[in-house]
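Please look over the sequence and the model shown here before reading on. The report that follows takes up how copies of a chain meet, how they are related, and where one residue sits.

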4 protein chains.
Amino acid sequence: MLRDKNGLSPTNQFVCALILASLLMTILRTEVTVYAGREHLFLIADLMLTGLLAVEYGLRLWVCTENPAYRSRLAYALTPATLIDLLAVLLILFSPLGNQGFLLRLARLARILRLAKLGRFSLAFNAVTQAVGRRAYELWLSLVFSAALLLVSSAFLYLIEGGIQPEAFGSIPRAMWWSVATLTTVGYGDVYPVTAVGRFFGALTAIIGIGLIAMPTGILASAFSEAFQERCLRNSAGADEPMNPPAE
Amino acid sequence: MLRDKNGLSPTNQFVCALILASLLMTILRTEVTVYAGREHLFLIADLMLTGLLAVEYGLRLWVCTENPAYRSRLAYALTPATLIDLLAVLLILFSPLGNQGFLLRLARLARILRLAKLGRFSLAFNAVTQAVGRRAYELWLSLVFSAALLLVSSAFLYLIEGGIQPEAFGSIPRAMWWSVATLTTVGYGDVYPVTAVGRFFGALTAIIGIGLIAMPTGILASAFSEAFQERCLRNSAGADEPMNPPAE
Amino acid sequence: MLRDKNGLSPTNQFVCALILASLLMTILRTEVTVYAGREHLFLIADLMLTGLLAVEYGLRLWVCTENPAYRSRLAYALTPATLIDLLAVLLILFSPLGNQGFLLRLARLARILRLAKLGRFSLAFNAVTQAVGRRAYELWLSLVFSAALLLVSSAFLYLIEGGIQPEAFGSIPRAMWWSVATLTTVGYGDVYPVTAVGRFFGALTAIIGIGLIAMPTGILASAFSEAFQERCLRNSAGADEPMNPPAE
Amino acid sequence: MLRDKNGLSPTNQFVCALILASLLMTILRTEVTVYAGREHLFLIADLMLTGLLAVEYGLRLWVCTENPAYRSRLAYALTPATLIDLLAVLLILFSPLGNQGFLLRLARLARILRLAKLGRFSLAFNAVTQAVGRRAYELWLSLVFSAALLLVSSAFLYLIEGGIQPEAFGSIPRAMWWSVATLTTVGYGDVYPVTAVGRFFGALTAIIGIGLIAMPTGILASAFSEAFQERCLRNSAGADEPMNPPAE
């Protein structure tokens with residue numbers, strides 16, 4: 001009923017905002033130039049956010065019995081997601097000044113991602129996961145190809161440059177760091193081949209890397225297209241059923 | 001009537017050229033090795049360009065009443081775009097030597113972009129914006145995924161390398177700079193993990209980054225394809241309507 | 001019969017795991033900080049893995065006559081893949097401490113890749129290779145374009161920056177190292193133009209490089225889509241044949 | 001008649017090989033560590049290659065009258081491509097030791113590219129150029145967007161980091177070098193923002209840069225798909241015409 005254009009209910013939007021604010025504070029607490037001297041501001045904000053999230057936790061526990069998926073309040077309270085919420089709230093209430101519950105606080109991110117499945121995003125979420133799922137084998141295969149290429153190019157660079165740059169290419173695991181940076185076209189430039197032969201194989205690796213990027217992109221593109229095609233196919237084969245509106 | 005093959009009228013082409021020249025001069029003025037010693041050339045060129053743009057501004061104000069969208073000359077003169085034009089002209093006329101109206105001058109760029117909607121570009125413009133708009137949720141979703149991954153990879157690198165490289169990974173916001181550079185495959189190489197564990201997670205981030213590039217690309221590709229498909233669908237379903245010419 | 005959800009028989013999965021373990025050990029042996037002091041662990045693990053692979057080799061040789069593709073046990077034993085297996089086993093048994101058979105051990109990777117053709121991956125494998133094969137000429141053509149662009153941009157940078165940075169741009173082959181890194185968007189940053197003209201052409205190269213990445217990606221995407229389209233075409237043309245299940 | 005599987009006649013293949021050898025020698029001549037001490041080998045190879053290309057030039061001039069496109073031998077000899085061939089031959093014959101005709105020699109590359117239009121490549125060549133041509137406006141538009149983004153991000157970084165890093169961001173043209181490297185995801189790492197605000201806008205630029213890569217890729221992918229779709233459309237609309245073989 002009461003949904004904005006994103007299709008998230010006002011309550012979910014508010015909870016979303018609370019968690020985002022909580023995440024932002026967890027992130028900023030780690031930066032000493034921001035945190036130092038502002039400990040009290042962070043403490044107050046943390047307690048306020050945690051208080052609101054505690055209330056929200058209580059309310060959810062109260063109404064969870066309405067949802068037939070949960071047999072009892074305890075069953076709901078023991079689901080991993082709800083447990084994380086409780087632990088995060090308790091941790092902040094009992095050690096508000098520290099950032100000890102660092103990872104636990106970040107785990108709240110999962111709840112944001114779950115909210116992304118609600119509202120109008122759910123259609124998009126399904127479209128994306130369905131497309132990825134439908135081509136799971138093709139995508140795994142391009143990962144297998146990439147892994148093989150990673151191994152081969154690392155082995156070559158290890159053989160060619162291992163003696164000259166032992167720090168960077170002195171073993172296959174070391175050469176792999178260069179190889180990943182090259183195949184993904186990240187190219188930090190902290191390590192790179194210096195001999196002519198090494199550069200030749202390095203260039204080859206970079207060029208083949210383009211193919212490894214093009215492959216999953218092409219696979220995903222065709223998977224996204226397919227969803228619409230099927231609709232098209234269904235319509236043109238059995239022409240009597242009513243015309244569906246276009247995908248989105 | 002009088003349109004070249006780009007579909008822009010000669011007047012619009014001339015104005016486009018004037019603004020491009022004005023933009024180019026604003027850019028070059030910031031480079032001291034070009035500007036120093038050539039202040040007079042820049043002054044003359046600026047005054048000439050501004051004079052022409054002032055005339056064009058006057059003419060547009062004169063004929064705007066022909067367009068039923070504007071009730072009066074004042075209403076037209078107060079639209080943001082027209083206001084920017086006036087302010088840029090006034091600013092250059094009253095302080096021709098300085099580059100004070102720097103941002104205002106650059107704001108003229110907006111007018112070029114508006115001209116891109118005219119002529120034959122309008123079809124392309126509509127195709128692009130429609131494709132992006134139609135998959136807005138999918139694109140937002142891949143942005144949400146990217147943000148989550150950015151946060152997770154920054155948190156990991158902060159935990160792993162924060163103690164060793166406090167300058168680069170000493171907080172999550174700092175680690176995010178590395179994380180963005182890696183996920184987008186830019187890879188400046190100013191900061192990078194140095195420990196084995198850090199490099200393992202760094203490599204993982206780079207590989208997952210490929211997926212984050214492949215996802216919006218695939219989504220956009222399918223959206224562009226869809227525009228044509230729909231036409232195909234329409235034709236094959238109701239075969240009586242006349243065959244449309246191919247998309248472009 | 002006895003196949004898990006990947007479609008690989010338990011035997012193939014076990015062999016796959018053995019070879020992966022063997023590859024991992026070959027890789028780790030090259031890293032002195034891992035290998036030094038653990039020679040005996042590596043020796044024991046190597047002998048165990050090799051023993052199992054030797055048994056597997058024997059069993060395969062025993063049952064190969066069941067497969068009508070091989071006339072005799074000798075014919076099977078002399079196929080390159082089986083020869084590699086035998087050589088790798090013999091090499092490890094006779095010089096277990098060294099890493100001499102380095103490349104031969106890595107050649108076992110080929111067997112993993114062959115296993116990737118089995119089970120449910122075979123459909124994906126066919127889809128990928130068919131898509132690449134079907135657009136082989138387009139992909140070669142984009143490689144020819146890339147090579148031409150590589151040559152032209154290297155020649156320009158050699159002419160412009162050759163005198164200033166002789167180490168990096170002093171000849172076309174040297175400039176090519178920069179050119180490959182730029183066109184593939186790897187961008188190590190070990191060499192880069194420093195003059196204004198050089199940077200202009202460098203920027204141009206980087207921008208055109210985007211096109212060179214977009215081209216094969218687009219070609220592959222359309223090839224993957226096509227496989228599904230053909231099915232669609234077949235169904236809509238001859239509508240009497242039964243509806244096939246969607247591609248995957 | 002006498003065509004190999006690439007569809008190039010043996011003569012064209014031989015000429016192709018000659019020109020490739022000539023290009024390779026022109027490239028290697030620039031590298032002093034290869035050329036020094038081998039001047040005579042290069043001289044002999046150059047004269048042999050040039051001799052063969054001179055013969056080929058003569059033969060082409062002889063038979064060109066068979067082709068109705070050329071009225072006379074002189075008309076053929078004065079076409080730019082033929083003129084380049086003649087000049088390159090003359091230049092090498094009269095100054096065989098130097099690399100003076102450097103650019104002219106490289107211009108022979110054009111002939112290789114022309115040969116790429118022959119044989120089975122011609123279909124691929126048409127498919128690629130047609131796809132690019134059909135979406136010319138969309139591709140130009142994404143270039144216009146990119147140029148605007150380039151300008152805006154350069155202006156921001158100039159304002160933010162211009163004072164701190166005058167060498168790298170002291171003017172918009174200087175900041176553009178960083179901006180191009182970031183938007184194309186090349187990321188040399190020779191210049192990068194160091195302030196928090198600068199890094200925020202830098203990260204934003206890198207993320208938007210992904211979109212600028214995704215856009216032309218998606219446009220090209222849909223253009224390549226479209227070629228096949230049209231065929232599909234034609235078949236399903238007028239079902240009486242015979243089934244065409246699939247695209248390639």
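## Where chain A meets chain C

Between chain A and chain C there are two salt bridges, a salt bridge being a side-chain nitrogen of Lys or Arg within 4 Å of a carboxyl oxygen of Asp or Glu. A:Arg199 forms a salt bridge with C:Asp190, and the closest N and O atoms of this pair are 3.7 Å apart. On the side of chain A that touches chain C, helix H9 (136-161), helix H11 (172-183) and helix H12 (196-237) of chain A each supply at least two residues, and H12(A) gives the most, with 21 residues. Helices here are DSSP runs (H or I, at least four residues), numbered from the N terminus.

This is a predicted model, in which local features need pLDDT of at least 70 and side-chain atom pairs count only at pLDDT 80 or more, while totals for chains, interfaces and linings use all residues. Residues are numbered from 1 along each chain as its sequence is written, chains are lettered from A and ligands numbered from 1 in the order in which they are written, and side-chain values use heavy atoms, with hydrogens and water left out.

In contact terms (heavy atoms within 4.5 Å), 51 residues of chain A meet 45 residues of chain C. The two chains bury about 4100 Å² between them, 77% of it on carbon and sulfur atoms, where buried area is the accessible area (1.4 Å probe) that two parts lose on being put together, summed over both.

## How the copies are related

The copies were superposed by least squares on the C-alpha atoms of residues with pLDDT of at least 70 in both, with these results.

| Copies | RMSD | Turn | Shift along the axis |
|---|---|---|---|
| Chain C on chain D | 0.1 Å | 90° | 0.0 Å |
| Chain A on chain C | 0.1 Å | 89° | 0.0 Å |

## A buried arginine in chain B

B:Arg135 lies in the loop between helix H8 (121-134) and helix H9 (136-161) of chain B. Because its relative accessibility is 6%, B:Arg135 counts as buried, a word used for values under 20% relative accessible area (1.4 Å probe, protein chains only). Leaving aside neighbours within four places in sequence, B:Arg135 is in contact with A:Phe224, B:Ile219, B:Ser222, B:Ala223 and B:Glu226.

Terms used
Buried means under 20% relative accessible area, exposed over 50%, partly exposed in between (1.4 Å probe, protein chains only).
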